[in-house]
Amino acid sequence: MTLYLVERYLPGITGEQLTAAAGRAKSTTQQMRDEGLQVRYLRSTFLPAEEKCFCLFEGASPDLVEQANKRAEIPFEKIQEAAHIAADDLQ
């Protein structure tokens, strides 16, 4: 599956609200997988000073990632294909 980065602008969000949104993303994508749709929420990074959040998803298409975010009722600005490179991946 392809990785997608979801960019969000979340002014005034609290830590509790952010955690709840992440929980909705996880449970919604699990429900979608149970329906046979290939999409999964992986993680989020929040930048409090900019009130921005970047969430990483795996999915068969950007449309499925968009559908997951809409079903979870989490606002987003854009969804883009992404590549993940970890320090452990480097020699």
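Is Glu66 buried, partly exposed or exposed? Glu66 is partly exposed, with a relative accessible area of 27%, where buried means under 20% relative accessible area, exposed over 50%, and partly exposed in between, using a 1.4 Å probe and protein chains only. The model is predicted, so local features need pLDDT of at least 70 and side-chain atom pairs count only at pLDDT 80 or more, while totals for chains, interfaces and linings use all residues. Residues are numbered from 1 along each chain as its sequence is written, and side-chain values use heavy atoms, with hydrogens and water left out.

**Sheet**

- Four strands form an open sheet in the order 2-3-1-4 with antiparallel pairing; strands (E, at least two residues) and helices (H or I, at least four) are DSSP runs numbered from the N terminus, and two strands pair if DSSP finds at least two bridges between them.
- Strand 2 (39-47) and strand 4 (78-82) are the edge strands, and each has a single partner strand, so one side of each is left without a neighbour in the sheet.
- From one strand to the next, the twist averages 25°, with axes taken as lines fitted to C-alpha atoms, for helices over the stretch in contact, and angles running from 0 to 180 degrees between N-to-C directions.
- Strand 1 (residues 2-9) runs antiparallel to strand 4 and is joined to it by 5 bridges; Tyr4, for instance, has Glu81 in strand 4 as its bridge partner.

**Helices on the sheet**

- Helix 1 (residues 15-34) packs on the sheet, where it touches strand 2 and strand 3 (52-59), and its direction makes about 165° with that of strand 2; contact here means heavy atoms within 4.5 Å.
- Helix 2 (residues 62-71) lies across strand 1, strand 2, strand 3 and strand 4, and runs at about 40° to strand 1.

**Salt bridges**

- The structure holds 5 salt bridges, each being a side-chain nitrogen of Lys or Arg within 4 Å of a carboxyl oxygen of Asp or Glu.
- One of them joins the side chains of Lys78 and Glu7 at 3.9 Å, N to O, and this pair links distant parts of the chain, with Lys78 in strand 4 and Glu7 in strand 1, 71 residues apart.
- Within that pair, Lys78 is partly exposed at 39% relative accessibility, whereas Glu7 is buried with a relative accessible area of 14%.
- Glu35 and Arg71 form another salt bridge, their closest N and O atoms being 2.8 Å apart; because Glu35 lies in the loop between helix 1 and strand 2 and Arg71 lies in helix 2, the pair ties together parts that are 36 residues apart in sequence.
- Glu35 is partly exposed, with a relative accessible area of 48%, and Arg71 is partly exposed as well, at 34%.
- Glu66 and Lys70 meet through their side chains at 2.8 Å, N to O, and both lie in helix 2, 4 residues apart, about one turn of the helix.
- Lys70 is exposed, with a relative accessible area of 54%.
- Salt bridges that share partners also join Glu7, Lys52 and Lys78 into one network.

**Cysteines**

- The count of disulfides is 0, a disulfide being a pair of cysteine sulfur atoms within 2.5 Å.
- The sulfur of Cys53 has its closest cysteine sulfur in Cys55, at 3.7 Å, which is too far for a bond.
- Cys53 is buried at 1% relative accessibility, and Cys55 is buried with a relative accessible area of 3%.
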